[in-house]
Amino acid sequence: MLRVNKLIRLLYFSTAEARLSPAEVDEIVAHAARKNKGLGITGALAYNGRNFCQVLEGDEEKVMALARVIEQDPRHSGFKIIDQKKISSAHFADWSMQRVRDLDFSTVINAMQA
Ligand SMILES: Cc1cc2nc3c(=O)[nH]c(=O)nc-3n(C[C@H](O)[C@H](O)[C@H](O)COP(=O)(O)O)c2cc1C
């Protein structure tokens, strides 16, 4: 049977574990970029020193499965999905996971309008 993959884009917010160091955030992004590449997932992660804001794009089942894994990660808490929608193409097609460094969450939030 022909299976047509459904692409989705998901946006969530969470609160970083209090003792998380900048080096540990870099490690999260590096590991995410490697693993997402294998899953065909793209997106961006913003961190303002306290909160995370992340967009994940890709096959619906893979994105939802990854979101469930991320939700359980003890390096943050208060995981809350803000928006989730079907898309026809990825906004962050070239980024398996890109850190947004300017403390500006707008890049990921505005991407939900794409
Ligand atoms: C804020 C945050 C964002 C994360 N984003 C991703 C991600 O995009 N992709 C990913 O594979 N893991 C991400 N992780 C890590 C996962 O929670 C989990 O540790 C990782 O996927 C496990 O990888 P493994 O299967 O190689 O052990 C993130 C963790 C945190 C705290």
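Student: Which residues come nearest to the ligand?
Tutor: This is a predicted model, where local features need pLDDT of at least 70 and side-chain atom pairs 80 or more, while totals for chains, interfaces and linings use all residues. Residues are numbered from 1 along each chain as its sequence is written. There are 15 residues around the ligand (C-beta, placed from the backbone, within 6 Å). Those that come nearest are Ala 32, Lys 35, Phe 52, Asp 73 and Arg 75.

Student: Which element gives the most to the shell around the ligand?
Tutor: Elements are DSSP runs numbered from the N terminus: helices (H or I, at least four residues) and strands (E, at least two). Strand E3 (51-59) and helix H2 (60-71) each supply at least two shell residues, as does helix H1 (22-39). With four residues, the one that gives the most is H1.

Student: How far does H1 reach from its first C-alpha to its last?
Tutor: H1 has 18 residues.

Student: Which residues of H1 are buried?
Tutor: Buried means 20 or more other C-beta atoms within 10 Å of a residue's own. A helix has 3.6 residues a turn, so residues three or four places apart point the same way. In H1, the buried residues are Ile 28, Ala 32 and Asn 36.

Conventions
Expected span 1.5 Å × (residues − 1). Buried ≥ 20, exposed ≤ 12 C-beta atoms within 10 Å, placed from the backbone.
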